[in-house]
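Let's take a friendly walk through one protein model, step by step. Have a look at the picture below before reading on.

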Amino acid sequence: MSDRFNSNKNFVTEALHSDALFASLLLDKAYNSKLYDEEILALDPHTMYSTTDCSDKFFHIANSTLRYYVRMLDGYLEIYVEGRKKRLPYLSVFKIHMVLLAIERGETISDIQVKLALKSIPQQNSGQAKGNKYNDEILDQLFSEFERRQNVIMKTHALQNTISQIQVDLLKGTTSKADRERQIEIIEEKIKNHRLYRKMDRQAGNIFRKSFELNKKTGLFSLFSKKAVYDPQQIETEILVDEKLIKADNLEVEFTKQIDILKQEISEIETEVIALKKRLEVESARLTNERELLQQTIED
């Protein structure tokens, strides 16, 4: 741990030793470790922080949400106003951190206000002022509902982006597979032509050899020998070459290696595509559920 971490930890522990919210979190085994958050305790204790810094950089919540909490905790948080901007000292930032932990474990802003003695415990038949349509409890409920809907909308957008990216990756995979299959077809055609040329070369050599043999039998020396008898079928058999008997040369071996590599790449792409399709099904189902939840919140 850094010196600043330990220094800030000692500072907040001393400053909040009588703070009811701090004490409740410190005694809560589930939140005791979260209380001394490394990121929060690593902040500069001498810096003044804006609400934007707190919402965007530290707590990752909507700025409107943070400003609502700040307004509801007036008297607990120390706030400095600079024109239209609000600045919070380090201790107030840590207090907001504690408030968010309390909300995470199920407390409402009203519960926290009562715990911090910012307002008294509501009594039944307390004679609320007429015309006060929205008391603090109702405002908390309205804000919580608004925040819940915002969370659902954000999840829906995130899922839509995820699905779009999966679809792009699937398209890339399909295109890559088709490209490699086309490369294999081209190489196989090269092998076919190469073997055909080799076959033609051998047959041309056989024709030349057979022609030479026949010339010998029909030349000057043939006057002293028996008359040659030619079997056209036998001659054709000796000239023609069975392509199956032609062994692969170095070039054909190299072509075959290229095909093997491409087939291996296709196999890997197919495996990835299968995984992407399964993930697309899962994310699509999640999106459907989130949309149904969003529709329910709208109808409610």
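Helices (H or I, at least four residues) and strands (E, at least two) are DSSP runs, numbered from the N terminus. This is a predicted model, in which local features need pLDDT of at least 70 and side-chain atom pairs count only at pLDDT 80 or more, while totals for chains, interfaces and linings use all residues. Residues are numbered from 1 along each chain as its sequence is written, and side-chain values use heavy atoms, with hydrogens and water left out.

**The chain as a whole**

- The protein chain has 11 helices and three strands.
- Of the chain's 300 residues, 30% are buried (buried means under 20% relative accessible area, exposed over 50%, and partly exposed in between, with a 1.4 Å probe and protein chains only).
- Contact means heavy atoms within 4.5 Å. Among contacts with a separation of 6 or more, 76% join residues 24 or more positions apart.
- The chain exposes about 20600 Å², and carbon and sulfur atoms supply 53% of that area (accessible areas come from the Shrake-Rupley method with a 1.4 Å probe; for residues, only the protein chains shown count as cover).

**Helices H5 and H6**

- Helix H5 spans residues 51–58 and helix H6 spans residues 63–72; they pack at about 125°, with axes 9 Å apart. Axes are lines fitted to C-alpha atoms, for helices over the stretch in contact, and angles run from 0 to 180 degrees between N-to-C directions.
- H5 and H6 are therefore oblique to each other (angles under 35 degrees count as roughly parallel, over 145 as roughly antiparallel, 65 to 115 as roughly perpendicular and the rest as oblique).
- On the H5 side, Thr 51, Thr 52, Cys 54 and Ser 55 meet Asn 63, Leu 66 and Arg 67 of H6.
- The residues of this H5 and H6 contact divide into two nonpolar, four polar and one charged. Here Ala, Val, Leu, Ile, Met, Phe, Trp, Tyr, Cys and Pro count as nonpolar, Asp, Glu, Lys and Arg as charged, and the others, Gly among them, as polar.
- Which residues of H5 are buried? They are Thr 51, Asp 53, Cys 54, Ser 55 and Phe 58.
- The cover over those buried residues includes helix H4 (38–41), strand S1 (49–50), H6, strand S3 (85–88) and helix H7 (90–104).

**Val 70 in H6**

- Val 70 belongs to helix H6, and counts as buried because its relative accessibility is 3%.
- Beyond its neighbours within four places in sequence, Val 70 is in contact with Leu 77, Ile 79 and Ile 96.

**Two residues with positive phi**

- Most residues other than glycine have a negative phi.
- H5 is followed by His 60, whose phi is positive, near 55°. His 60 sits in the loop between H5 and H6 and is exposed, with a relative accessible area of 58%.
- Ala 117 has a positive phi of about 60° although it is not a glycine. Ala 117 lies in the loop between helix H8 (109–115) and helix H9 (136–218), and is exposed at 64% relative accessible area.

**Helices H1 and H7**

- The axes of helix H1 (residues 3–15) and H7 come within 11 Å and cross at roughly 80°, which means that H1 is roughly perpendicular to H7.
- Asn 8, Phe 11, Val 12 and Ala 15 of H1 meet Tyr 90, Leu 91 and Phe 94 of H7.
- By class, this contact of H1 with H7 has six nonpolar, one polar and no charged residues.
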